[in-house]
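Work through the exercises below with the sequence and the model in view, and try each task before reading its solution.

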Amino acid sequence: MNEDRNQHQIIRKDARNCFVESLNDAFKIGKIHLAFATYDLSRPTGQRQTNNIHIYIAVDEFLELCRKLEGGELRYLLKNKKTTGDKTPLYQCLGGTSAEKLAKYGRSRADGKSLSRTAQLLAGSKSDFLFVADSGPGETDQKGLIVPKFGSKPENHVAVSMTYEVFSELLLMTRMHYTAWLSAWYADQYHQVNQRTAQPQENSQYQENEGEAEYASDPMF
C-alpha cells in the first residue's frame, strides 16, 4: 500500500501472509472500501505484495451485515453451516469495473472483458470465518451487474482467516468511523448553509433597524 492509501486506513487485520484493511476514502460515494492483499516476505522490499483486491460495499448493505453481527444472527447462521457442512457463503458481494469504464480509464483487459471483484464470507474449518476476495474476468449482464467468469481460477485470490471477534472488530470499528464521518459531513453542510444565509440576513436586519431609528427620530406630535 502506498503512503496516501495508508493515511486512509481505519483498521487492518492480519493472517498468515495476508491481510484485509478498511479505508475511509470511499465514504463520500456511499461505499465501504476493503483492501485485501497477500505478500511474500522473501521478496525484495517494494516487491513483496503478490495479490491485491479492492472491494467496495454499499453502506446500507454493510450496515445490515453489522446488524446481523451484533444481533447474533450471523453467529447462528455460522453455527448452522458448520453443523451441516454447508459451503455456501454467509455473505457475498459482487462488484467490479465494466469493460467500457476500463477502456475509458485506459486500462482495458487484454481479453476485452470486464473486471470482476468478489468478496465472500465463508465458514472456516480451522477458524470461525474465511473472508475471501477474488478478481478476474467478468461480463456485464443486462442489469449492469458484473458476473464473474473465472470459475475456480481467479487471477487474484486472498483468503483471510478470522475469529468471530476479529471480524467483529473489523466491522464495528469501520462502522464507528463511518458514523463519525457522516456526523462531520452533516455539520459541514449545516455550516455552509448558515454561511450562505447569514450575510443577507445581517444586511436586512441592519437596514430594518436603520428604518426604525429614522422613524423614531420624527416627532410624534
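A contact here means heavy atoms within 4.5 Å. The model is predicted, so that local features need pLDDT of at least 70 and side-chain atom pairs count only at pLDDT 80 or more, while totals for chains, interfaces and linings use all residues. Residues are numbered from 1 along each chain as its sequence is written, and side-chain values use heavy atoms, with hydrogens and water left out.

**Exercise 1.** Determine what share of the contacts between residues at least 6 apart in sequence joins residues at least 24 apart.

Solution. Among those contacts in the chain, 54% join residues at least 24 apart.

**Exercise 2.** Locate Ser-168 and decide whether Ser-168 is buried or exposed.

Solution. Ser-168 lies in helix H5, which spans residues 164-217 (helices are DSSP runs of H or I with at least four residues, numbered from the N terminus). Because its relative accessibility is 13%, Ser-168 counts as buried, the classes being buried under 20% relative accessible area, exposed over 50% and partly exposed in between, with a 1.4 Å probe and protein chains only. Leaving aside residues up to four places away in sequence, Ser-168 touches Leu-69 and Met-173.

**Exercise 3.** Classify the ring pair of Trp-185 and Tyr-186.

Solution. Rings of Phe, Tyr and Trp (its six-membered ring) pair if their centres lie within 6.5 Å, with planes under 30 degrees apart counted as stacked, over 60 as edge-to-face and the rest as tilted. The structure holds 9 aromatic pairs. With centres 5.1 Å apart and planes at 80 degrees, Trp-185 and Tyr-186 therefore form an edge-to-face pair. Trp-185 is partly exposed at 38%, whereas Tyr-186 is exposed at 53%.

How values were computed: Helix = DSSP H or I, 4+ residues; strand = E, 2+ residues; numbered from the N terminus.
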